[in-house]
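Please read these notes with the model open beside them. They cover a few helices, one point at a time.

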Amino acid sequence: MPELPEVEALKDFLTGRLVGHELVRVLPVAISVLKTYDPPVTALEGREVTAVHRYGKFLDLEAGALHLVTHLARAGWLHWKDRLPDGAPRPGKGPLALRVALETGEGFDLTEAGTQKRLAVYVVRDPREVPGIARLGPDPLAADFDEPRLARLLEGERRQIKGALRDQSLIAGVGNAYSDEILHAARMSPFKLAASLTPQETHRLYEALRATLTEAVGRAHGLAAGHLKAEKKSGLRVHGRTGQPCPVCGDTIREVSFSDSSLQYCPTCQTGGKPLADRRLSRLLK
């Protein structure tokens with residue numbers, strides 16, 4: 001799933017290619033992709049793109065008084081085309097969900113792999129009309145996101161810190177991969193209760209949060225959309241690296257599996273050398 005660093009890079013990439021150009025066609029191909037109907041998607045056609053914004057994991061193309069907002073979800077992606085194919089694409093079972101064409105003949109496709117269709121596109125007059133944006137918590141890279149603010153957010157949070165970091169209404173933009181990376185950098189168990197953090201642990205978590213995301217944004221900056229997935233994967237230290245040695249201590253990276261996701265961690269760096277219980281595996285072994 002694209003998270004804050006990748007969506008920030010997509011915002012920068014599209015700013016240089018869309019701003020000042022006219023949207024001549026915005027064509028939904030998959031029935032499931034369009035989540036709004038008023039204004040109609042055709043209202044964007046003929047409008048000039050004036051800015052591109054990011055809200056958490058949401059991408060917003062501003063075209064005058066209207067906004068084309070996208071959430072790529074788990075399996076969605078954006079593919080830039082220096083020359084779009086001639087003719088309208090045919091709806092079908094393929095991954096293509098939406099096509100956006102400029103007056104130059106350039107444009108992009110939004111695609112979604114797999115059978116779970118969660119890619120979402122909205123046409124709105126104000127981005128806050130999108131429910132997911134209206135619920136967003138603060139951006140962790142914003143200038144006013146300081147350590148005391150993080151401490152206040154975690155006060156009374158009886159959830160595990162892994163789940164708290166992924167909650168978009170608490171902190172915007174962090175998903176499964178970067179929460180693993182942040183907790184590894186902070187030397188903190190993903191199962192630790194958020195409200196139980198000491199001031200010293202909150203400090204470590206804040207420093208890890210800002211540094212991990214800032215470094216990832218820096219690595220992705222200036223890359224073309226087609227290279228962002230590979231860059232993200234190459235920069236991850238623990239997420240998706242089950243069975244490999246930890247780059248810090250050399251211990252074997254372990255995994256905890258859930259029904260629709262998994263987390264990775266280093267026992268030596270994060271849990272005092274003790275493996276965490278993998279509840280799904282335990283059930284299978286009974």
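1. Arg-187, which follows helix α5, has a positive phi, near 55°. Helices here are DSSP runs of H or I with at least four residues, strands are runs of E with at least two, and both are numbered from the N terminus. This is a predicted model: local features need pLDDT of at least 70, side-chain atom pairs count only at pLDDT 80 or more, and totals for chains, interfaces and linings use all residues. Residues are numbered from 1 along each chain as its sequence is written, and side-chain values use heavy atoms, with hydrogens and water left out.

2. Helix α5 spans residues 176-185, and nine of its ten residues are buried (under 20% relative accessible area, 1.4 Å probe, protein chains only). Among them are Tyr-178, Ile-182 and Leu-183. The buried residues of α5 pack against several elements, including α1, α6 and β10; contact means heavy atoms within 4.5 Å.

3. Eleven of the 15 residues of α1 are buried, so α1 is largely enclosed by the rest of the structure. Glu-6, Lys-11 and Phe-13 are among these buried residues. Just after α1, Gly-20 has a positive phi of about 90°.

4. Why does the length of α1 agree with its 15 residues? At 1.5 Å a residue they should span 21 Å, and the end C-alpha atoms are 20 Å apart, which agrees. The expected span is 1.5 Å times one less than the number of residues.

5. Helices α1 (residues 4-18) and α6 (residues 199-220) pack at about 35°, with axes 9 Å apart. Axes are lines fitted to C-alpha atoms over the stretch in contact, and angles run from 0 to 180 degrees between N-to-C directions. Leu-4 and Glu-8 of α1 and Leu-213 and Val-217 of α6 are among the residues making the contact.

Note on methods:
Buried < 20%, exposed > 50% of the residue type's maximum accessible area, 1.4 Å probe, protein only.
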